[in-house]
Amino acid sequence: MMNGKRGLSIILSTLVIVLIFFGCSNTNQDEAAEYGEDVSREEMSDSTNSYDAGFVESSADQSEPEVVQDDRSVEEEEHLHSDTLSEQMVIYNGNISIEVNDYDQAHNRIHEEVENVNGYIVESSVYQSGEQEQRVGTLVVRMPQDYFHPFLNELEATSANVLEKSTHGNDVTEEYVDLESRLRSKETVEERLLSFLDGAENTEDLLDISQDLSEVQEEIEQIKGRMNYLEDHVAYSTITIQLHEKRVNVASIQDQGSLNTTERAHSLFMDTINFLITIVSSIFIFIIGLSPVLVPLLILAAAALLYHKRNTRNKKE
């Protein structure tokens, strides 16, 4: 009897252990399945967010390409700026007004000196002024910057008199450095827009990118034009020269043919005769015109004179 109970208890214990084992196994499978589902959802969420972020970033790059900045560091930018500033870019302009004894000789000498230093004349004008018809001319010349001051000193030394002299220098280094920085930035934007243009998939995006690219390229051309202008005016200085001819005209002795002695004497004689005739004619006209008044006055004057003489004679007798 005891053996029967013990066997029954062993069987029940075995069943309980088996049930417990299968229950734990199912629980672990459910947790593992639930955990795997959660992991899959998180991975899908991460991949979706990553795609959305990439799409948004790509869209932002296409819609606002002009905000792209240069990738250089601050230290590199400052280093480049300091290296560029080490070579100053100055535009020199000069004005000089001089007196010369012979205008043609001075003009030819200046022309030769300008050509010798690989310069050229931009403008030339001349006019006459004063009673002696002295010539005054203006020359605008451009020459390499290295010859700017020596040329002015040479003009001052060889002229008869310096009336006015002035020089002016305009430092354009900062402006040129700023133009270089803007040019690099615009070229970076141009490269980015060209890459976007190659990857455009529809007509609307193609037109928008083409318009932005055209605007950027126009700005690049303007910047390059300004840089070329500054480089040219830095390399070649401008000098405005005014030449005043200092000439004294001495009158020469006239010949007999130019004096016209006979003709001038005959002209003076005829002028004198005409003057006398004019006076006699004026007196005659005066007498005839005033005769109604002059005749009675003359009669009264004659009667008064006769009366005075008669009284004088009677008193003597």
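**A colleague's note on the fold**

1. Let us start with a pair of helices: α3 and α4 are roughly antiparallel to each other, because an angle over 145° counts as such and their axes cross at roughly 160°. Please keep in mind throughout that this is a predicted model. The axes of α3 and α4 come within 12 Å, and their crossing is right-handed. To find the pair, look for α3 at residues 103-116 and for α4 at residues 148-158.

2. Which residues bring α3 and α4 together? On the α3 side they are Arg109, Ile110, Glu113 and Val114; on the α4 side, Phe151, Glu154, Leu155 and Thr158. By type, the residues of this contact divide into 4 nonpolar, 1 polar and 3 charged.

3. Next, the sheet. Five strands make up an open sheet with mixed pairing, and their order is β2-β3-β5-β1-β4. The edges belong to β2 (120-129) and β4 (161-171); each has a single partner strand, so one side of each is left without a neighbour in the sheet. On average, neighbouring strands are turned by 10° against each other, direction ignored.

4. Strand β2 runs antiparallel to β3 (residues 134-144), and 9 bridges join the two.

5. Helix α5 covers residues 173-198 and helix α6 residues 203-235. Their axes come within 9 Å and cross at roughly 155°, and α5 and α6 are therefore roughly antiparallel to each other. Here the crossing is left-handed. The residues of the α5 and α6 contact divide into 16 nonpolar, 2 polar and 11 charged.

6. Finally, a friendly word on confidence. The mean pLDDT of the protein is 76, with 67% of its residues at 70 or more. Over residues 24-75 the pLDDT is below 50, and beyond near neighbours in sequence this stretch has 14 contacts in the model. Residues 77-82 also have pLDDT below 50, with 6 contacts beyond near neighbours in sequence. Where pLDDT is low, the predicted coordinates should not be read in detail.

Notes:
Residues numbered from 1 in each chain as written. Predicted model: local features only at pLDDT ≥ 70, side-chain atom pairs only at ≥ 80, totals over all residues. Heavy atoms only, no water. Axes fitted to C-alpha atoms, helices over the stretch in contact; angles between N-to-C directions. Helix = DSSP H or I, 4+ residues; strand = E, 2+ residues; numbered from the N terminus. Parallel < 35°, antiparallel > 145°, perpendicular 65-115°, else oblique. Left-handed = near helix turned anticlockwise from the far one by under 90°. Nonpolar A, V, L, I, M, F, W, Y, C, P; charged D, E, K, R; others polar. Pairing = 2+ DSSP bridges. Contact = heavy atoms within 4.5 Å. pLDDT = per-residue confidence, 0-100.
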